[in-house]
Amino acid sequence: MDGPRAAATMPELPEVERARALAEEHTVGKRVAKIEWQEDDKVLALPPEGGGLEQLRQFERRKVVAILRKGKHMWLQFDGDCPCLALHFGMTGNTLFCRLV
């Protein structure tokens, strides 16, 4: 596909699996240093009340023990009794992991 829409194509499953494998390589065994949220109401908005960001902060200082995927859904499993963090690759497949210690 040529033109401006070429960069916005949906990721195919091999690309999603590659992203999962990279995330696994760079995150499993490391702890989440800090959760930061960048508002983007086109994709997902945290509820203004009800502790949306505070719910995400439960993942801080948790060790990533596995990265799993089904289709374009990916989830991170953590140590302890912490729930999983689920992600969806959507249209662009962009996901950013940084500052894991």
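**Reading a predicted model: confidence, strands, core and salt bridges**

Over residues 1-7, pLDDT stays under 50, and the model has 2 contacts beyond four places in sequence for this stretch.

Visitor: What is the mean pLDDT of the protein, and which elements have the lowest and highest mean values?

Guide: This is a predicted model, and the mean pLDDT of the protein is 76, with 63% of its residues at 70 or more. Among the elements, helix α2 (residues 52-56) has the lowest mean, 76, whereas strand β1 (residues 64-70) has the highest, 94.

Visitor: How many bridges join β1 to β2, and in which sense do these strands run?

Guide: The two strands run antiparallel and are joined by 6 bridges.

Visitor: How many bridges pair β2 with β3?

Guide: Strand β3 (residues 85-88) pairs with β2 over 4 bridges, again in the antiparallel sense. Here H73 stands opposite H88 in β3. In this hairpin there are 6 residues between the strands, and G80 has a positive phi near 70°.

Visitor: Which residues of strand β2 form its covered face, and which its uncovered one?

Guide: The general idea is that side chains in a regular strand alternate between the two faces of the sheet. In strand β2 (residues 73-78), M74, L76 and F78 make up the covered face, while H73, W75 and Q77 make up the uncovered one.

Visitor: Which members of the largest nonpolar core touch the most other members?

Guide: In soluble globular proteins, nonpolar side chains tend to be buried together. The largest nonpolar core in this model has 14 residues, of which F59, V64, I67, M74, L76, F78 and L85 touch the most other members. Two or more residues come from each of α1 (13-27), β1 and β2. The largest share, 3 residues, comes from β2.

Visitor: Where is V28 placed, and with which residues is it in contact beyond its sequence neighbours?

Guide: V28 belongs to the loop between α1 and α2. Its relative accessible area is 33%, so V28 counts as partly exposed. Leaving aside neighbours within four places in sequence, V28 is in contact with A23, V64, V65, A66 and I67. The C-alpha atoms of V28 and I67 are 7.3 Å apart, although 39 residues separate them along the chain.

Visitor: Is R20 buried or exposed, and what does R20 touch?

Guide: R20, in helix α1, is buried because its relative accessible area is 12%, under the 20% cut-off. Residues up to four places away in sequence not counted, R20 touches I67, L68, R69 and M74.

Visitor: How many salt bridges does a search of the whole structure find, and which residue pairs with R20 at 2.8 Å?

Guide: The search finds 6 salt bridges. R20 forms one with E17, their closest N and O atoms being 2.8 Å apart. Both residues lie in helix α1, 3 residues apart, about one turn of the helix. E17 is partly exposed, with a relative accessible area of 28%.

Visitor: Which side chains does E60 meet in salt bridges?

Guide: E60 meets R57 at 3.4 Å, N to O, and R61 at 3.8 Å, N to O. E60 is buried at 13% relative accessible area, R57 is partly exposed at 30%, and R61 is exposed at 59%. Elsewhere, salt bridges that share partners join E17, R20, E24 and R69 into one network.

Definitions and conventions. Residues numbered from 1 in each chain as written. Predicted model: local features only at pLDDT ≥ 70, side-chain atom pairs only at ≥ 80, totals over all residues. Heavy atoms only, no water. pLDDT = per-residue confidence, 0-100. Contact = heavy atoms within 4.5 Å. Buried < 20%, exposed > 50% of the residue type's maximum accessible area, 1.4 Å probe, protein only. Pairing = 2+ DSSP bridges. Core = buried A, V, L, I, M, F, W, Y, C linked by side-chain atoms within 4.5 Å. Salt bridge = Lys/Arg side-chain N within 4 Å of Asp/Glu carboxyl O.
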